[in-house]
Amino acid sequence: MKTLKYSKLALAAAILLVATSSCKDLLDEKVVSQVGSDYITTAAGFEAGTKAVYSSLRDFYGRENGMDVTVFGTDTYTFGSDGSYKYMNQYTTQLDSRTQPIVDIWNALYVGINTANAVVDQAPNVTGLDEAVKKRRVAEVKFLRAHHYFVLVQLYGAVPLVLNQIKSATKEATRTPVKDVYAAIVSDLESALVDLTATTPDYGRVTKGACEHLLARVYLTKATSEAAAPDDYAKAATYAQNVIKNYTYKLLPDYASVFQQGSGEINDEVIFATQYTADPTTNGVGNETHLYFVMEYDAQAGMKRDVSIGRPFRRFRPTTYMLEKVFADRVNDSRYNKSYRTVYYCNNPGTFTNLFDTSKPSVTLKLGDTAIYLPGYEMPLAQRAKKPYQVMTPSLYRPNLFPTLTKFLDPLRPDLQYQPGSRDFLMFRLAETYLIAAEALLKQGKTADALPFINTLRRRAAFPGKETAMQITAGQLTMDFIMEERERELQGEMFRWFDLKRWGVLIDRVKLYNPDAAPNIKAGKHELRPIPQDQIDRTAGGITAFPQNPGY
């Protein structure tokens with residue numbers, strides 16, 4: 001199987017003379033490249049342009065920017081001891097229209113959108129390419145354009161809806177109503193669905209299954225937005241069930257194997273992923289998520305940094321609610337054990353004092369001994385004292401010491417300091433489709449129909465022999481249950497902020513479960529991100545023509 005390869009170089013080559021709404025000044029520039037603006041109308045240029053749109057996914061998935069706006073500031077993750085954007089979790093006044101992740105996401109997605117517009121608009125002029133292939137490529141970029149607008153409308157609300165190629169710099173921009181943005185998203189996806197194929201020889205390209213999955217997610221989200229329609233949940237359920245029934249996707253038998261790096265990333269559960277590679281010439285900054293969920297293990301007794309254990313940037317730390325309530329069942333449910341590291345083995349032998357585990361004055365460790373054990377409960381002090389290693393109980397968790405989420409680790413990095421990760425970021429996987437189907441059916445009052453989708457996931461997550469104990473009854477299937485089940489399955493995968501917002505519980509749950517964020521988060525403000533100030537400044541008429549979101 002071939003895999004789709006793309007890079008930022010394609011963007012420059014294919015869309016050389018395309019100006020975007022993100023330029024800050026109107027400049028007369030002399031083009032010095034040997035690639036002309038008509039390159040996109042050649043077969044090679046059109047293919048390069050299509051790949052350039054795919055490459056814009058890397059500006060959101062697998063990046064700290066994307067994680068900052070989706071993982072931070074929720075009920076399940078707060079800040080660790082390091083990083084520049086803790087205030088995004090705390091919702092302080094520093095979270096404003098100049099916040100870099102907020103600005104960068106806006107600009108990057110609009111560059112991707114204008115590239116998509118160029119591909120769609122120039123398609124009739126392309127020569128030397130099979131018409132069926134051309135139609136598929138247009139369908140692919142319509143899907144990607146719809147995806148980008150879907151992210152934007154969730155984050156910022158009303159955003160400029162631009163569906164044609166911008167060929168010269170402009171200072172004209174307006175905010176399109178949310179309802180109209182959703183209409184364009186649905187139109188793009190339904191149009192794309194007709195011309196996409198169920199399978200592709202180039203792994204990583206958009207397929208019919210990916211398109212139906214995104215339609216299901218869009219309708220599920222639209223149902224609680226300003227654009228809500230009475231049949232949104234019914235459509236979400238239909239599209240989700242189509243993905244489950246009509247394609248070859250399958251849940252893997254073992255939850256942990258979904259995140260196995262290397263060839264394991266291309267598996268029957270993955271519907272669509274942002275592609276990364278070990279080739280440094282095309283990987284850009286790479287998938288950075290391996291950095292962000294790792295505790296400071298390398299400063300502890302018996303430990304030093306190791307590629308397989310991770311480079312500890314310690315950005316995102318699970319909340320007490322996440323660890324003690326969401327993952328309360330660790331007897332029947334294997335997902336805590338398969339998502340978090342509970343044991344560290346000594347790779348730096350010696351005798352050590354000044355321990356975080358004060359139950360003992362020192363530890364002497366040999367290579368391969370248990371150095372740190374996280375039991376997940378308050379092991380009594382006397383019992384801890386008998387252990388020849390440090391025991392990190394929940395009362396000892398700190399911003400630098402906490403359970404490490406392992407699903408994004410990248411042990412194939414070439415050395416300790418290397419940052420550009422090579423593993424794909426799994427955007428859509430079948431487990432989420434099951435959760436969408438269950439929620440959409442439950443919202444229609446069809447609890448009996450929703451229940452099998454939840455129980456299928458829970459049986460997969462069970463420890464061997466615990467499958468029956470993991471199943472729930474119709475009476476137990478509530479929205480509160482789904483709110484926790486989604487996080488048991490999808491923690492860290494860039495859903496939580498979006499989920500809390502669409503459920504209408506972002507403010508309440510953050511106040512209840514994230515003490516670092518609770519004092520500052522405000523209803524009527526923080527359900528949206530601020531419009532980037534540079535967008536307002538570069539728009540003719542400024543804030544009058546392009547108003548800021550409430551509260552910023």
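Aromatic pairs number 29 in this structure, which is a predicted model. One of them joins Tyr110 and Tyr149: the ring centres are 6.1 Å apart and the planes stand at 80 degrees, so the pair is edge-to-face. The cut-off behind that label is an angle over 60 degrees between the planes. Tyr110 belongs to helix H5 (residues 100-122) and Tyr149 to helix H6 (residues 131-156), so the contact ties together parts that are 39 residues apart in sequence. Tyr110 and Tyr149 are both buried.

A second pair is formed by Tyr292 and Phe313. Here the centres are 6.1 Å apart and the planes are at 65 degrees, so this pair is edge-to-face as well. Tyr292 and Phe313 both sit in the loop between strand E4 (270-274) and strand E5 (316-318), and the pair links parts of the chain 21 residues apart. Are these two residues buried or exposed? The limit for a buried residue is a relative accessible area under 20%. Tyr292 has 2% relative accessibility and therefore counts as buried. Phe313, with a relative accessible area of 16%, is buried too.

Tyr292 and Phe313 are also members of one aromatic cluster, together with Phe60, Tyr61, Phe72, Tyr77, Phe293, Phe316, Phe408 and Phe425.

Aromatic rings also meet charged side chains. Arg529 lies over the face of Trp497, at 4.3 Å from the ring centre. Arg341 is placed over the face of Tyr344, with 5.5 Å to the ring centre.

Rolling a probe the size of a water molecule over the atoms shows where empty space is left. In this model there are six cavities of 30 Å³ or more. The largest cavity holds about 190 Å³ of space. Its lining consists of 18 residues, and those closest to the centre are Phe150, Gln154, Arg217, Phe495 and Phe498. At least two lining residues come from each of H6, helix H8 (208-222), helix H12 (430-443) and helix H16 (496-503). H6 gives the most, with four residues. By type, the lining of the largest cavity has nine nonpolar, three polar and six charged residues.

The second largest cavity contains about 70 Å³ of space. Which residues line the second largest cavity? They are Phe259, Asn287, Thr289, Lys407, Phe408, Arg423, Asp424, Phe425, Leu426 and Glu493. Four of the lining residues are nonpolar, two are polar and four are charged.

Definitions and conventions:
Residues numbered from 1 in each chain as written. Heavy atoms only, no water. Phe/Tyr/Trp six-rings, centres within 6.5 Å; stacked < 30°, edge-to-face > 60°. Buried < 20%, exposed > 50% of the residue type's maximum accessible area, 1.4 Å probe, protein only. Lys NZ or Arg CZ within 6 Å of the ring centre and 35° of its normal. 1 Å grid on protein atoms, 1.4 Å probe; cavity = no way out; pocket = protein on both sides within 12 Å on 5 of 7 lines; lining within 4 Å. Points joined across faces, edges and corners; volume = space filled by probe spheres on them. Nonpolar A, V, L, I, M, F, W, Y, C, P; charged D, E, K, R; others polar.
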